[in-house]
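Have the structure open and follow along.

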Amino acid sequence: MNQKDNIRIGLFGFGTVGQGIYSVIGRARNAHAEIKRICVRDVCKPRKVACDPGLLTDKASDLLDDPEIDLIVELIDDADASYQIVTSALRRGKPVVSGNKAMIAAHLPELIELQRETGTALLYDASSCGSIPVIRNLEEYYDNDLLLEVKGILNGSSNYILSQVFDHGRDYDSALARAQELGFAESDPSRDIDGIDSLFKLIIITVHALGVYVAPSEIFTYGIRTIKDCDIRYAREKRVKIKLVAQVVKVSESEFTMFVMPEFVVKSRYIYSVDDEYNGVVIRGECYDRQFMFGKGAGSLPTASSILSDVTARHYGYRYEYKKMGYAGRPAYTTDILLRVYLRSTGSQDIIGSLPFEKIHERYTSASCNYVIGDIRLSELIRHRRALSSPDIFLCNISRFFEEE
Ligand code: HSE
């Protein structure tokens, strides 16, 4: 292919994923793309992947104002700076590929509007589930009313930690440190372990699954930070695994719910076998029941593969159309649903007793650990989220949607 036909990329960020895309584009014979300039905070910083120093700059305008740059690839960590770069590029008519889930989850309605106003495209398959092509599939293949549920493991780091602790007897802190060394974890790993990273991805997925945007603050999000040996022992006794699961589920013709929470996963479920940094997404719908997508959800090269796919998609002018946002009878978000949960407390305060369970199925009390299995409304979990964030408490969903039906 003639070099002139290549997409000329201005790359923001040369960290784990930025270096990955640089390597991948360098060796892909049919990428139809070349990296023309790389904007970084510190041009002198030593990096694992060496690049031509002439490509580096610390001035955003060197990329944004260069008429020879056709596409911005934005892979920086800072969500506010990412927002500035992405909106500036779109306003200049430059399409953008971004992996910044925090920024996209916070600003998606405005970014959709900006794409409409400017006629420019923003692609972000890499923002959700690393190498698994979730977004474009939801947008194109599942472009109909049949979809009922998207549920899965969307965060590689927390899954890696749970696998290491659960299956390999490793301690939590050393598993987290290893996830950081391997380049899976966020620069602030509390986003991984507190479920925030999964939440961002779930919000983006929901826009493409059901055509509805729900803001982060409205969604119940619970992570794995407070898991203890007694929870792992309990799960082992019951022959289930604990996974951090994000889900959006249609609960009726007119309503859907969504939340992020650890879950006891039974062996017969697809996600039971999703271990380490892998992600797994189950899509359930009318007519086809369940389909399962599995792949590496974090790390330099897996995420770079997804960026490459978006770059290549731009070569033929691909853009998201957000068709489902215009569907008749879009479902409304509800938190008025009943969940069955395991709630364990190792503290002296009676948090369990203070929660409005509608039914208790099992109760265990000992000197070191108390737990209940009970039914409680999602809206009540949201109302009590402060108490539930105590380090003495661990909450785990016991999936019952449709499993009992
Ligand atoms: N920290 C994220 C994860 C990176 O562990 O899944 C990929 O989004």
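Let's start with helix α3 (residues 79-91), which packs against α4 at an angle of about 10 degrees, the two axes lying 11 Å apart. Angles under 35 degrees count as roughly parallel, so α3 is roughly parallel to α4. On the α3 side, the contact is made by A79, S82, Y83, V86, T87, L90 and R91, and on the α4 side by A102, M103, H107, E110, L111, L114, Q115 and T118. Sorted by class, the contact of α3 with α4 has eight nonpolar, five polar and two charged residues. Keep in mind that this is a predicted model.

Now for another partner of α4. Helix α4 (residues 101-118) also packs with helix α9 (residues 196-210), here at an angle of about 30 degrees and with the axes 8 Å apart. That angle makes α4 roughly parallel to α9 as well. The crossing of α4 and α9 is left-handed. Who meets whom? From α4 come K101, A102, I104, A105, L108 and I112, and they meet D197, F200, K201, I203, I204 and V207 in α9. By class, the contact of α4 with α9 has nine nonpolar, no polar and three charged residues.

Next, the ligand. Which residues surround the ligand? The list is K101, N155, G156, S157, F184, A185, E186, D192, D197, K201, G297 and A298. K101, D197 and K201 are on that list, and these residues also take part in the contact between α4 and α9.

| Residue | Protein atom | Ligand atom | Distance |
|---|---|---|---|
| K101 | side-chain N or O | oxygen | 2.6 Å |
| G156 | backbone N or O | oxygen | 2.7 Å |
| D192 | side-chain N or O | nitrogen | 2.7 Å |

So much for the ligand; on to the backbone. Where does H32 sit? H32 is in the loop between α1 (16-27) and β2 (33-39), and H32 has a positive phi of about 55 degrees although this residue is not a glycine. D276 is another such case: D276 is not a glycine either, yet has a positive phi of about 50 degrees. The place of D276 is the loop between β10 (255-265) and β11 (278-285).

Key. Residues numbered from 1 in each chain as written. Predicted model: local features only at pLDDT ≥ 70, side-chain atom pairs only at ≥ 80, totals over all residues. Heavy atoms only, no water. Axes fitted to C-alpha atoms, helices over the stretch in contact; angles between N-to-C directions. Helix = DSSP H or I, 4+ residues; strand = E, 2+ residues; numbered from the N terminus. Parallel < 35°, antiparallel > 145°, perpendicular 65-115°, else oblique. Left-handed = near helix turned anticlockwise from the far one by under 90°. Contact = heavy atoms within 4.5 Å. Nonpolar A, V, L, I, M, F, W, Y, C, P; charged D, E, K, R; others polar. Near = heavy atom within 4 Å. Polar contact = N/O pair within 3.5 Å; in protein donor to acceptor, adjacent residues only side chain to side chain.
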